[in-house]
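Subject: The structure, and what turned up in it

Hello,

Here is the structure I promised to pass on. Have a look at it first, and then read on for my notes.

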Amino acid sequence: IAKLDDVPMAVPRGRYEIELFGAFLKLHGKTYDYKVMYSSVVNLYVLPKPDQYHVNVAVHLDPSIRQGATFYSFLLMQFPAEEELSVSVDLPDQVLREKYKGKLSKSVRGPSHEVIAQLLHGLTGKKINQPAPEFKAAGGAQAIRCALKADDGYLFGFDKAFLFVNKPTTLLPFDTLSAVEFKRVEKSAAGSAASKSFDMVVYRKSGESVTFSNIRRGEYSSLFHFLVAKKLRIKNIHKGASGLDLDNEVDAAEPDDLHMRRVKRDAEEAAALDDDDDDDDDDDDEESDEDFKAGDDSDVDEEYEEDDCSDDEEAAMKKSKGKKRGAPGKKAAGSGGEDESESESGEEDKPTKKAKASPKKKKAKAAKDPNAPKKPLTAFFAYSNDMRPTLKEEEPGLSVPEVGKALGERWKNEPAEVRAKYESAAAAAKTEYAAALKAYEAEKKAQFTHREDEDDDEEEEEEDAGSVVDDDDDE
């Protein structure tokens with residue numbers, strides 16, 4: 001029906017040629033090809049990025065498409081916002097009227113993201129979803145920057161779901177959520193460095209949770225109001241509402257908006273409970289201050305007994321006792337035995353410090369023999385060495401782990417004859433290595449035996465020379 005060339009995609013990553021047919025579409029990439037049935041398309045989403053230079057088009061799939069062990073539940077295309085595209089639809093006018101009922105036209109022209117979305121809408125019959133008008137970031141954008149696990153991305157709010165792009169692309173329908181909880185939003189953290197951002201934990205009814213972290217503090221008010229407008233339950237409502245003027249929110253709401261009034265009531269009740277707990281803590285502190293009197297015997301005095309003093313304090317106490325004994329008169333030199341024995345016993349009483357255990361020495365690695373035969377490559381590593389340059393040319397942006405993963409997927413999907421070629425070569429190399437290793441070990445053993453024989457001959461010569469010297473001495 002239509003064909004699109006060189007379409008940039010974030011999921012799956014790369015540039016693809018897209019062919020649109022009556023019941024399915026095909027993605028042709030430099031490495032992989034995919035076939036997507038229109039019956040597996042659940043929804044279409046148009047996602048304008050906050051940078052205002054790019055727009056994403058997301059296609060939700062169920063069931064997902066698969067490449068090796070990787071499943072893709074979304075197709076995510078990215079277009080420059082100002083890029084124009086014109087596509088001709090190769091269908092008779094009668095088919096366009098009867099089958100597609102005006103959803104498709106003979107020629108579609110406009111911004112690239114709108115053209116793609118309109119074509120998919122006409123072929124699949126699925127609705128094009130735009131971000132909710134009330135979901136706004138602090139700068140007026142329609143997405144909030146945050147992180148999911150270790151990956152940065154953007155969170156979009158729709159009428160019935162949250163959508164995070166792009167890695168991993170995550171959809172959270174509101175009817176599958178049980179509650180939302182804010183982290184690090186209390187007023188007490190206002191002066192700390194952590195107050196520059198906060199986290200939002202979304203709980204699913206299935207028991208799982210998804211945490212969006214590092215959300216800028218300025219996004220908090222609009223995000224809170226969006227959750228309240230969508231009637232999503234907020235777990236820590238009294239902390240979430242801190243810093244917000246709920247009185248004005250209730251006055252501005254419609255008279256029959258019971259949800260907003262309940263939010264205010266729950267927040268006031270939770271805050272009142274916190275105030276009561278703080279008052280109880282203050283009363284306990286005052287009672288403890290009144291009970292304490294300086295000079296009274298208390299449990300604190302019992303902790304400091306004579307046995308608990310430090311070595312320096314004990315030495316000072318013994319020194320002062322010795323001075324008191326020597327004050328009446330000096331003892332004779334021969335009568336100092338008791339003092340010496342006391343000092344010796346005092347030294348024995350002092351605990352001796354344990355010597356630090358010497359660190360264990362690391363065993364030195366044996367040097368490799370350059371003459372030893374090298375182990376051959378396995379079939380997969382030989383295949384990887386051949387295919388790695390080609391893969392880097394096709395997808396230069398891949399990291400080292402991604403290159404390894406892609407090579408593994410390619411190896412799994414290679415035909416049996418290609419794998420057999422590398423496996424037979426690896427088996428032959430392994431046989432050659434075993435023969436070379438056997439010869440190497442035999443040669444090494446022969447050298448060792450020859451060296452032992454030479455040492456034995458040297459010892460015999462030394463013994464003979466020693467016996468001759470002994471005979472001369474006897475003579």
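Predicted model: local features only at pLDDT ≥ 70, side-chain atom pairs only at ≥ 80, totals over all residues.

E219 counts as buried, because its relative accessibility is 6%, and buried means under 20%. You will find E219 in the loop between β17 and α3. Leaving out residues up to four places away in sequence, E219 touches A137, A138, I144 and F198.

The sheet beside that loop

Let me go on to the strands. Seven of them form an open sheet, in the order β14-β13-β12-β11-β17-β16-β15, with antiparallel pairing. β14 (170-173) and β15 stand at the edges with a single partner strand each, so one side of each has no neighbour in the sheet. From one strand to the next, the twist averages 30°. β15 and β16 run antiparallel and are joined by six bridges; here A179 stands opposite Y203 in β16.

Helix α3 lies across β11 (144-148), β12, β13, β15, β16 and β17 (209-216). Relative to β15, α3 runs at about 160°.

An aromatic pair also connects α3 with β15. F182 and Y220 are edge-to-face, at 5.4 Å centre to centre and with 85° between the planes. Since F182 lies in strand β15 and Y220 in helix α3, the pair ties together parts that are 38 residues apart in sequence. F182 is buried, with a relative accessible area of 2%, and Y220 is buried too, at 6%.

Two cores

How many residues does the largest nonpolar core have? The count is 49, and L20, L47 and M77 are the residues with the most contacts inside that core. Strand β7 (residues 70-80) supplies the largest share of the core, six residues. Another core lies apart from this one; it has 31 residues, including L155, F162, F198 and M200. F198 is also one of the residues that E219 touches.

M77 deserves a look of its own. Setting aside neighbours within four places in sequence, M77 is in contact with V7, P8, M9, I18, V55, N56, V57, V59, I116 and L120.

Salt bridges

A search of the whole structure gives 11 salt bridges. Here are some of them.

- D6 and R15 meet through their side chains at 3.4 Å, N to O. D6 is partly exposed at 47% relative accessibility, and R15 is partly exposed at 48%.
- K230 and D159 form a salt bridge at 3.5 Å, N to O. This pair links distant parts of the chain, 71 residues apart: K230 is in the loop between α3 (220-229) and α4 (237-240), and D159 is in the loop between β12 (151-157) and β13 (161-165). K230 is partly exposed, with a relative accessible area of 21%, and D159 is partly exposed at 46%.
- R184 and D199 form a salt bridge at 2.9 Å, N to O. R184 lies in the loop between β15 (177-183) and β16 (197-204), while D199 is in strand β16, so the pair ties together parts 15 residues apart in sequence. R184 is partly exposed at 28% relative accessibility, whereas D199 counts as buried at 15%.
- R13, K167 and E402 are linked in a network of salt bridges.

Aromatic rings

The count of aromatic pairs comes to 20. In one of them, the rings of Y16 and Y34 have centres 6.1 Å apart and planes at 50°, so the pair is tilted. Y16 sits in strand β2 (residues 14-20) and Y34 in strand β4 (residues 33-37), 18 residues apart. Y16 and Y34 are both buried.

Elsewhere, ring pairs link F380, F381, Y383, W411 and Y422 into a cluster. Two of these names return around A379, a residue of helix α10 (residues 379-394). Not counting residues up to four places away in sequence, A379 touches W411, Y422, E423 and A426. A379 and A426 are 47 residues apart in sequence, and their C-alpha atoms are 5.3 Å apart in space. A379 is buried, with a relative accessible area of 10%.

Methods:
Residues numbered from 1 in each chain as written. Heavy atoms only, no water. Core = buried A, V, L, I, M, F, W, Y, C linked by side-chain atoms within 4.5 Å. Buried < 20%, exposed > 50% of the residue type's maximum accessible area, 1.4 Å probe, protein only. Helix = DSSP H or I, 4+ residues; strand = E, 2+ residues; numbered from the N terminus. Contact = heavy atoms within 4.5 Å. Salt bridge = Lys/Arg side-chain N within 4 Å of Asp/Glu carboxyl O. Pairing = 2+ DSSP bridges. Axes fitted to C-alpha atoms, helices over the stretch in contact; angles between N-to-C directions. Phe/Tyr/Trp six-rings, centres within 6.5 Å; stacked < 30°, edge-to-face > 60°.
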